[in-house]
Every structure is written in structure tokens, then in C-alpha cells.
Amino acid sequence: CTFKRIIGGLTMYAISQLIHLVFQGLYLALFVRIMMSWIPHDRHHALIELLYKVTDPILKPFQRLIPPLGMGIDISPIVAFFALSIGEELLLKLLF
């Protein structure tokens with residue numbers, strides 16, 4: 001019985017760490033996307049296309065809701081970071 005409890009605890013820990021790792025990857029992808037917006041780049045490069053495919057579903061809803069500030073400053077990535085953080089916390093609380 002104790003062995004099963006230990007294995008179950010380890011499995012739950014592994015799942016929570018996997019979820020955390022996925023969200024860390026999304027945070028990194030968003031950060032890279034933000035940095036890329038400040039430098040010229042080829043949107044048709046395979047890695048850049050992948051970056052946009054991963055981050056567009058996160059950013060686009062916020063970009064539709066939040067208009068750019070003066071001089072075209074887009075704050076939607078900041079809101080996206082907060083939303084991802086809240087989403088991660090909620091997901092972990094619901095599962096565990």
C-alpha cells in the first residue's frame with residue numbers, strides 16, 4: 001500500500017513537472033517572439049514560422065482585445081504572460 005502511494009506521488013510529481021516544463025517553453029517562445037519583433041527577420045524561415053505558429057494562438061486573442069498604445073507599443077505580450085501564469089496555476093490546482 002505504501003509502495004503504491006509512493007509511485008502515485010511520483011507520477012503526480014512527474015505530471016506536474018511536465019506541465020511546468022510545457023509552460024516554461026511557452027514563456028520562452030513568447031520572450032523570443034518579443035525580442036524578434038525588435039529586429040528585422042525573415043518570417044518565412046522554418047524556425048521563425050514555427051515560433052509564430054506556437055505563439056500566435058496565445059497572442060492573437062489579446063492583440064484583438066488590446067489596441068497598441070502610442071507609437072505602436074503592443075502590451076498584449078505582457079497580458080499573455082500573466083494569462084499563461086494564471087492558466088498554469090489553475091491547471092495545476094485543478095489536477096492536483
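A residue counts as buried under 20% relative accessible area, as exposed over 50%, and as partly exposed in between. Keep that scale in mind for the close-ups below, which come from a predicted model.

**View 1. Phe 81 is a partly exposed residue.** Tyr 27, by contrast, is buried, at 14%.

**View 2. Tyr 27 and Phe 81 form a stacked aromatic pair.** The structure holds 1 aromatic pair, and here you can look at its geometry: the ring centres of Tyr 27 and Phe 81 are 6.1 Å apart, with 20° between the planes. Tyr 27 belongs to helix α1 (residues 2-36) and Phe 81 to helix α3 (residues 76-95), so the pair ties together parts that lie 54 residues apart in sequence.

**View 3. Arg 43 lies over the face of Tyr 52.** The distance to look for is 3.7 Å from the ring centre of Tyr 52. Tyr 52 comes back in the next view, as one of the residues that line the largest pocket.

**View 4. The largest pocket holds about 250 Å³ of space.** Its lining is made up of Arg 33, Ile 34, Ser 37, Trp 38, Tyr 52, Leu 59, Gln 63, Ile 73, Asp 74, Ile 75, Pro 77 and Ile 78. Helices α1, α2 (46-65) and α3 are the elements that each give two or more residues to this lining, and α2 gives the most, with 3 residues.

**View 5. The lining of the largest pocket, seen by residue class.** Here you will find 8 nonpolar, 2 polar and 2 charged residues.

Note on methods. Residues numbered from 1 in each chain as written. Predicted model: local features only at pLDDT ≥ 70, side-chain atom pairs only at ≥ 80, totals over all residues. Heavy atoms only, no water. Phe/Tyr/Trp six-rings, centres within 6.5 Å; stacked < 30°, edge-to-face > 60°. Helix = DSSP H or I, 4+ residues; strand = E, 2+ residues; numbered from the N terminus. Buried < 20%, exposed > 50% of the residue type's maximum accessible area, 1.4 Å probe, protein only. Lys NZ or Arg CZ within 6 Å of the ring centre and 35° of its normal. 1 Å grid on protein atoms, 1.4 Å probe; cavity = no way out; pocket = protein on both sides within 12 Å on 5 of 7 lines; lining within 4 Å. Points joined across faces, edges and corners; volume = space filled by probe spheres on them. Nonpolar A, V, L, I, M, F, W, Y, C, P; charged D, E, K, R; others polar.
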